[in-house]
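Here are my notes on this one, jotted down while going through the coordinates. Have a look at the structure first, then read on.

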Amino acid sequence: MKFPGSVLASVFLFLAETTAALYLSSTYRSGGDRMWQALTLLFSLMPCAVVQLTLVFVHRDLSRDRPLVLLLHLLQLGPVFRCFEALYIYCQSNHDEEPYVSITKKRQIPKNGLSEEIEKEVGQAEGKLITHRSAFSRASVIQAFLGSAPQMTLQLYISVLQQQVTLGRGFLMTLSMLSIVYGALRCNILAIKIKYDEYEVKVKPLAYVCIFLWRSFEIATRVIVLVLFTSIMKTWVVVVILVNFVSFFLYPWILFWCSDSPFPENIEKALSRVGTAIVLCFLTLLYAGINMFCWSAVQLKINNPDLISKSHNWYQLLTYYMTRFVENAILLLLWYLFKTDIYMYVCAPLLILQLLIGYCTAILFMLVFYQFFHPCKRLFSSSVSESFQAFIRCLCCTCRWQSTSESVGKANLTSSRDQDETPSTSKISPDPTQMSANDLCSV
């Protein structure tokens, strides 16, 4: 049985970030910065409440008689209690022999074209630990993109305006960055396990390292770009955020309406139609929040029973990163053109170059992960290198077709010019077949 290390990591980041945010908000209050205090508390307490609801929903505590657990969640102490409960289950499982077990069947990742089906006994204690890990994985994603990401953006923006980074603010930004990257990492792992649910998925340590570097560069550059643009165009950044957010929020619903599928009813048996709609709206809200800062690694599909598309689409991935790179470049260009005096001692061209290279580095680590370290890369219909080679071939064929069409066009233009010049030259040297008898006699 695996040690619940992911549960401990989630609870540590949750408590540390909340404590740091509360301390920083108190310093803002003592300094008279009421607006910064209110926003810091908002981005700290709002995800806390959503995390409590998520843990209650996953463990189905509303349908069970556990008033003490619900009280602890109301007091924002639910994650701490769940962590101690998971540790207690893990410690007790090593001493008690379970009389009741369930058997799960998983397929191994194919090797040499062969895939074996294996059976595994799962006891009640291990099943409870699996539920705890699943609940905290989802809670980490919610904490990261509904709380930590806007919190880090806010604190970095305050640091740019005040041109200084205090100890408390720097500590909170560090914790927020770790929380975002950890949430993105859990999002990647959740996407892999949901897409390949029938397979036994084992993620290697190097894969975690690669994902961590990929997400770190991607999120850091995205947040810095948004902060730089916000510091010079406070009104237009609202437009940029709303366009991004609304687009990703409505995209799954547009696909659902175009598919003419019935409204999903099998998300949770205890939920009514209104409750199901609320859950789906929250999922699309979270989906939009993730894609605001980084690639979500999943495609939300409302008409699917699992709510996630299990097909791997390289073109969506390529479209997202190309669009995001162009958007970041445009925002940086606008910042360079309209930057104010607070950036007097900043080498703007060098900063822009570093940010664009940083985003390209994130893309490079992503390609390395999918090519070498993805646990289910043998199941891909085409690898990253094969897709890249196909893209290069398509590009070369397009260039050749354009050059051929241009050469053909030039040849047609030359022949048309020759035809236009033929009457004038016929007067100088007429065709012998068309000469008269007098002309022949004179010759």
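The points below go from the whole chain down to single residues.

1. Keep in mind that this is a predicted model. Its secondary structure comes to 13 helices and 2 strands, and the protein has 443 residues, of which 41% count as buried.

2. On contacts, take the pairs that sit at least 6 apart in sequence: 74% of them join residues at least 24 apart.

3. Helix 8 covers residues 234–259, and Ile-254 lies in it. Ile-254 is also one of the members of a nonpolar surface patch, together with Val-238, Leu-242, Val-246, Leu-250 and Trp-257; the accessible area of the patch is about 550 Å². Ile-254 counts as partly exposed because its relative accessibility is 42%, between the 20% and 50% cut-offs.

4. Helix 11 runs over residues 348–373, which makes 26 residues. From first C-alpha to last it reaches 36 Å, close to the 38 Å expected. Its buried residues include Ala-348, Ile-352, Gly-358, Tyr-359, Met-366 and Tyr-370.

5. Which residues does Asn-328 touch, leaving aside its neighbours within four places in sequence? They are Arg-222, Val-225 and Tyr-359. Tyr-359 is one of the buried residues of helix 11, while Asn-328 lies in helix 10, residues 314–338. Asn-328 itself counts as buried, because its relative accessibility is 3%, and buried means under 20%.

How values were computed. Residues are numbered from 1 along each chain as its sequence is written. This is a predicted model: local features need pLDDT of at least 70, side-chain atom pairs count only at pLDDT 80 or more; totals for chains, interfaces and linings use all residues. Side-chain values use heavy atoms; hydrogens and water are left out. Patches are made of residues with over 30% relative accessible area and no salt bridge: like charges are joined within 9 Å, nonpolar side chains (Val, Leu, Ile, Met, Phe, Trp, Tyr) within 5 Å. Accessible areas come from the Shrake-Rupley method with a 1.4 Å probe; for residues, only the protein chains shown count as cover. A salt bridge is a side-chain nitrogen of Lys or Arg within 4 Å of a carboxyl oxygen of Asp or Glu. Helices (H or I, at least four residues) and strands (E, at least two) are DSSP runs, numbered from the N terminus. Buried means under 20% relative accessible area, exposed over 50%, partly exposed in between (1.4 Å probe, protein chains only). The expected span of a helix is 1.5 Å times one less than its number of residues. Contact means heavy atoms within 4.5 Å.
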